[in-house]
Amino acid sequence: MKKTKDSASQSKMLTETELELMTILWALEEASVAEVIEQLPKERDLAYTSVSTILRILEQKAVLKTRKEGRGHIYIPLLKKSEYEAKTLKHVVERVFDGTPVALVRQLLDTVKLNDQDLKELRKLIDQAGVRK
């Protein structure tokens, strides 16, 4: 079955800059180009036209919607952050860890320094996942 343009575009991962702008929009819930630029780190020098273009691309990808306001637009996320996190994690498990979630967790434990509280919370989450099955 052939994918539609919307489902095909939504299945693609965001670029680094798209994700950076989406992270700002997820935090603000909706924003103009100028408001997004205000939230960028000071050392991040993106032109107004660049941000505007990227936001329009995200709208074409059906990740955002817009609302006309005065002479400009307000951008509103359609894709929830939690949905993107889940999609990204599935992508990483499938592509990087050969579809093996245990390999991802093993790498996490080997690579990231976790304190006792983190480990306790992970054990609790694993126990809860076992109960849900």
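Reader: Among contacts in the protein chain between residues at least 6 apart in sequence, what percentage joins residues at least 24 apart?
Author: Happy to start there: 47% of those contacts join residues at least 24 apart, where contact means heavy atoms within 4.5 Å. Please keep in mind that this is a predicted model, in which local features need pLDDT of at least 70 and side-chain atom pairs count only at pLDDT 80 or more, while totals for chains, interfaces and linings use all residues. Residues are numbered from 1 along each chain as its sequence is written, and side-chain values use heavy atoms, with hydrogens and water left out.

Reader: How do you know which helices and strands the protein chain has?
Author: They are DSSP runs, numbered from the N terminus: a helix is H or I over at least four residues, and a strand is E over at least two. On that basis the protein chain has seven helices and two strands, in the sequence order α-α-α-α-β-β-α-α-α.

Reader: What radius of gyration does the protein chain have, and how does that compare with a compact globule?
Author: The protein chain has 19 Å, whereas a compact globule of 133 residues would be near 14 Å. Along the principal axes, the C-alpha atoms fill a box of roughly 55 × 45 × 25 Å. V131 belongs to helix 7 (residues 116–132).

Reader: What makes V131 exposed or buried?
Author: The cut-offs are under 20% relative accessible area for buried, over 50% for exposed, and partly exposed in between, using a 1.4 Å probe and protein chains only. V131 has 71%, so it counts as exposed. Of the 133 residues of the protein chain, 24% count as buried.

Reader: Why is E18 called buried?
Author: Its relative accessible area is 6%, so E18 falls on the buried side. E18 lies in helix 2 and touches M13, I54, I57, L58 and K61, leaving aside residues up to four places away in sequence.

Reader: What makes the link between the side chains of E18 and K61 a polar contact?
Author: A polar contact is a pair of N or O atoms within 3.5 Å; within protein, one must be able to donate a hydrogen and the other to accept it, and residues adjacent in sequence count only if both atoms are side-chain atoms. The E18 and K61 side chains are joined at 2.9 Å.

Reader: Which residues other than glycine have a positive phi?
Author: A62 is one of them, with phi near 65 degrees, and D98 is another, at about 50 degrees. A62 is in the loop between helix 4 (48–60) and strand 1, and its relative accessible area of 17% makes it buried. D98 is in the loop between helix 5 and helix 6 (101–111); with 69%, D98 is exposed.

Reader: Why is the pair of W26 and Y84 called tilted?
Author: This is the one aromatic pair in the structure. W26 and Y84 are 6.2 Å apart, centre to centre, with 35 degrees between the planes. Rings of Phe, Tyr and Trp (its six-membered ring) pair if their centres lie within 6.5 Å, and planes under 30 degrees apart count as stacked, over 60 as edge-to-face and the rest as tilted. W26 lies in helix 2 (residues 16–28) and Y84 in helix 5 (residues 81–95), so the pair ties together parts that are 58 residues apart in sequence. W26 and Y84 are both buried.

Technical notes. Rg over C-alpha atoms; globule rule 2.2 N^0.38 Å.
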